Amino acid sequence: MRDISDAADLMTTAREALLRELLPALPVEHRYAALMIANGMAIAAREHRLGTDAARSEAARLRNLLADSGRSPATHDLSALRKAAAAAIRAGYFDEPARAAALMTDLAHTAEAWVAISNPKALRPAARAASTPEA
Amino acid sequence: METLGAAVASPAVTAIERWLRETTQADHVRIARYEKLPGGAIQENWMLDAEIGGGPWRGRHEWVLRTDAVSTVALSRTRAQEFAVLRVAEAAGVCAPKPLFLCRDKSVLQREFFVMQRLPGVAQGHRLTREPALVPDGAALLHTLGANLARIHAIHPPMPELDDVLRVPANPALESVADYRGHLDQLDDTYPALEWGLRWCERRAPEAFHITLIHRDYRTGNYLVDRGRLCGVLDWEFAGWGDPHEDLGWFTARCWRFSGAEREGGGIASVEPFLDGYESVAGTRMSRAELTYWQIMAHLRWAVIALQQAQRHMAGGERSLELALTGRIVHELEYEVLRLIAGGDR
């Protein structure tokens, strides 16, 4: 427990102020913009909480998937790993059924982690229960 | 925004009045209302009320003027192409706004535009999928939408009016895969889940297919419903020759169901009445495997477009929260692609 607000708490608190205090006072034509702002703030707050883990886990999974391919970049940089994975996919490296299954499992975990940040409501119940609960 | 109830005065309005006077062979034209309609990240629609004196069009008219937004996406057609497609669709009995006049002379509005009939009704997907009063009989609406789509798909090449403006693909699915990869290659980041979806679609591309006119944005949110009935299909900017199955996948894909995520028929009702309506005109019915294939392709295509929208915000000098949030949709599109490939719920 911290003594003062972190970025996620500030974002969440500011969002609540927007929704509770400002939104009811806004003319109807500004309602959509206010709801978009609230959505953007919610995503930012969730990414602050979950984004580092999501990126780190994704990088670890991609490194593991590419380990035996001879295509793994000599870096832990996520964007380099994504590039290498994309190139391997296009080249057909993951067409082989066992590799395809491993890739599917890992990509699904990664996608769930990012959906839990961008739009947790889109997760199906099983995945939603597994993701971190968030307002 | 230009909103004046009485006569409107602005350089654009004066230019449109002058152009309409010539085009409709009128003695005089007065624009009583010229007002930008909401929505339209790619195209702009302007409510246009005109009073025409003399000539074959004399009288009061309620029209829509459609033109390009400041920036467009690479996948969309020009207004002249869209106008040509609308004319062909109208002649085939498709329910759509009647196209009236095309202006290719950029000295009028600095952009191409056309004028079409204004139709009543509600198009917003979140309302149509949430307010039962707007759609009292979802199955009947879907049946009509399916039948109407089949009328579009009854238009085949060759068709001289369109062959000049639209290209016939040699293999629609494979060309889509190549096209989407080309767009992804323009971006800074890489998307392994989308790449896997494209690879999956590439390896399972249908060997047999028909080529017809397809709308390419036939979905809830792009048709008008008035008193529960279909009034017209809008937004023909992506139409072209292609595999008609693409339109059925797009209409039924989860990403276009708004508040009705569990209702496969465009968020309105189950998919069956839509396929029934389609079959009643086309005489054919898509298999479940074909539908899933094209639903995957639909999510991939929407992901590519969403990434283009995000680019406008990130790199195109068009800072916008709406475009930024559209980019964030990509995560759930990747999630749906993977679920569909794995045989999960639709």
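Predicted model: local features only at pLDDT ≥ 70, side-chain atom pairs only at ≥ 80, totals over all residues.
Five strands form an open sheet in the order 1-2-3-5-4, with antiparallel pairing. Strands of a sheet pair through backbone hydrogen bonds, either parallel or antiparallel. Strand 1 (28-36) and strand 4 (99-103) of chain B are the edge strands, and each pairs on one side only. From one strand to the next, the twist averages 25 degrees.

Look now at one pairing inside this sheet. Strand 3 (residues 59-68) of chain B pairs with strand 5 (residues 113-117) of chain B over five bridges, in the antiparallel sense. Opposite Thr67(B) stands Phe113(B), in strand 5 of chain B.

Helices lie across the strands. Helix 1 (residues 11-23) of chain B lies across strand 1, strand 2 (43-53) and strand 4 of chain B. Helix 1 of chain B runs at about 130 degrees to strand 1 of chain B. Helix 2 (residues 79-91) of chain B lies across strand 3, strand 4 and strand 5 of chain B. Its angle to strand 4 of chain B is about 160 degrees.

Further along chain B, two helices pack together. Helix 8 (residues 192-203) and helix 11 (residues 288-314) of chain B meet at an angle of about 140 degrees, with their axes 10 Å apart. The two helices are therefore oblique to each other. Their crossing is left-handed. Helix 8 of chain B contributes Leu194(B), Gly197(B), Leu198(B), Trp200(B) and Cys201(B) to the contact. Helix 11 of chain B contributes Tyr293(B), Ile296(B), Met297(B), Leu300(B) and Ala303(B). By class, this contact has nine nonpolar residues, one polar and no charged.

Next comes the meeting of the chains. In chain A, 25 residues are in contact with 21 residues of chain B. Helix 2, helix 3 (78-90) and helix 4 (97-118) of chain A each supply at least two residues of the side that touches chain B. Helix 4 of chain A gives the most, with nine residues. This side of chain A divides into 14 nonpolar, five polar and six charged residues.

One helix pair spans the two chains. Helix 2 (residues 31-66) of chain A packs with helix 12 (residues 321-328) of chain B at an angle of about 45 degrees, their axes 10 Å apart. That angle makes helix 2 of chain A oblique to helix 12 of chain B. This crossing is left-handed. Met36(A), Ile37(A), Asn39(A), Gly40(A) and Ile43(A) meet Leu321(B), Glu322(B), Ala324(B), Leu325(B) and Arg328(B). The contact has six nonpolar, two polar and two charged residues.

Conventions: Residues numbered from 1 in each chain as written. Chains lettered and ligands numbered in written order. Axes fitted to C-alpha atoms, helices over the stretch in contact; angles between N-to-C directions. Helix = DSSP H or I, 4+ residues; strand = E, 2+ residues; numbered from the N terminus. Parallel < 35°, antiparallel > 145°, perpendicular 65-115°, else oblique. Left-handed = near helix turned anticlockwise from the far one by under 90°. Contact = placed C-beta atoms within 7 Å. Nonpolar A, V, L, I, M, F, W, Y, C, P; charged D, E, K, R; others polar. Pairing = 2+ DSSP bridges.
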